[in-house]
Amino acid sequence: HAAPWFGVRVPQPATCGGLATTSDQAVANNCSYAVNGGPFKSLTAGGCEGAVIIDGAVAAAGFSSTSVGFALTEGGDWVLGGVGNASEARALGVTQLVTGFGWLVYDGASQ
């Protein structure tokens with residue numbers, strides 16, 4: 001299971017505000033690796049675009065069943081695809097979620 005090794009973090013915890021480099025985020029969260037996860041609203045001010053769940057708490061509520069989500073459940077299972085709302089995320093047991101723009105690969109074909 002991936003649960004001990006995967007988490008979603010933002011520069012200002014649970015607010016989706018601000019910007020930080022991935023290297024600063026890695027140090028601040030005691031991680032060996034960090035990557036940019038989901039899109040943000042502004043190159044100068046940050047702000048999450050789409051839905052974000054951090055440690056089971058909704059940090060940004062831009063849910064959409066048509067957006068592609070990358071999530072982890074409390075049981076350590078991955079959820080890939082649309083998560084329509086916070087109730088659906090809770091029902092799936094999602095503890096970590098970041099939203100992207102669209103599929104890179106779907107059904108074996110690049111998009």
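1. Two strands count as paired if DSSP finds at least two bridges between them. Strands themselves are DSSP runs of E with at least two residues, helices are runs of H or I with at least four, and both are numbered from the N terminus. On these terms, β5 (residues 64–73) and β6 (residues 78–83) pair in the antiparallel sense over five bridges.

2. The model is a predicted one, in which local features need pLDDT of at least 70 and side-chain atom pairs count only at pLDDT 80 or more, while totals for chains, interfaces and linings use all residues. Residues are numbered from 1 along each chain as its sequence is written, and side-chain values use heavy atoms, with hydrogens and water left out.

3. The hairpin of β5 and β6 has four residues between the strands. Within this hairpin, G76 takes a positive phi near 90°. L72 has W78 of β6 as its bridge partner.

4. β5 is also joined by five bridges to β7 (residues 94–99), and these two strands run antiparallel. Here F70 is bridged to V98 of β7.

5. What is the strand order of the open sheet? Its five strands follow β4-β3-β7-β5-β6, with antiparallel pairing. β4 (57–61) and β6 stand at the edges with a single partner strand each, so one side of each is left without a neighbour in the sheet. Neighbouring strands of this sheet are turned by 30° against each other on average, direction ignored; the axes behind such angles are lines fitted to C-alpha atoms, for helices over the stretch in contact, and angles run from 0 to 180 degrees between N-to-C directions.

6. At the β4 end of the order, β3 (residues 51–54) and β4 are joined by four bridges and run antiparallel. A51 has A61 of β4 as its bridge partner. The loop between β3 and β4 holds D55, which has a positive phi of about 50° although it is not a glycine.

7. N30 also has a positive phi, near 55°, and is a residue other than glycine. N30 sits in the loop between α1 and β1 (40–42). Is N30 buried or exposed? N30 counts as exposed because its relative accessibility is 75% (buried is under 20% relative accessible area, exposed over 50%, partly exposed in between, with a 1.4 Å probe and protein chains only).

8. Voids were searched on a 1 Å grid over the protein atoms alone: a cavity is a set of points where a 1.4 Å probe fits but cannot get out, a pocket is an open set with protein on both sides within 12 Å along at least five of seven lines, and lining residues have an atom within 4 Å of a point. Grid points are joined across faces, edges and corners, and a volume is the space filled by probe spheres set on the points.

9. The largest pocket has a volume of about 1,300 Å³. Its lining comprises 46 residues, with G7, R9, V35, N36 and G37 nearest the centre. α1 (22–28), β2 (46–48), β5 and β7 each supply at least two lining residues. By class, the lining of this pocket has 27 nonpolar, 17 polar and two charged residues (Ala, Val, Leu, Ile, Met, Phe, Trp, Tyr, Cys and Pro are nonpolar, Asp, Glu, Lys and Arg charged, and the others, Gly among them, polar).

10. One cavity of 30 Å³ or more is found in the whole structure. The largest cavity holds about 50 Å³ of space. Its lining includes A51, the bridge partner of A61. β5 gives the most to this lining, with four residues, and the lining divides into five nonpolar, seven polar and no charged residues.
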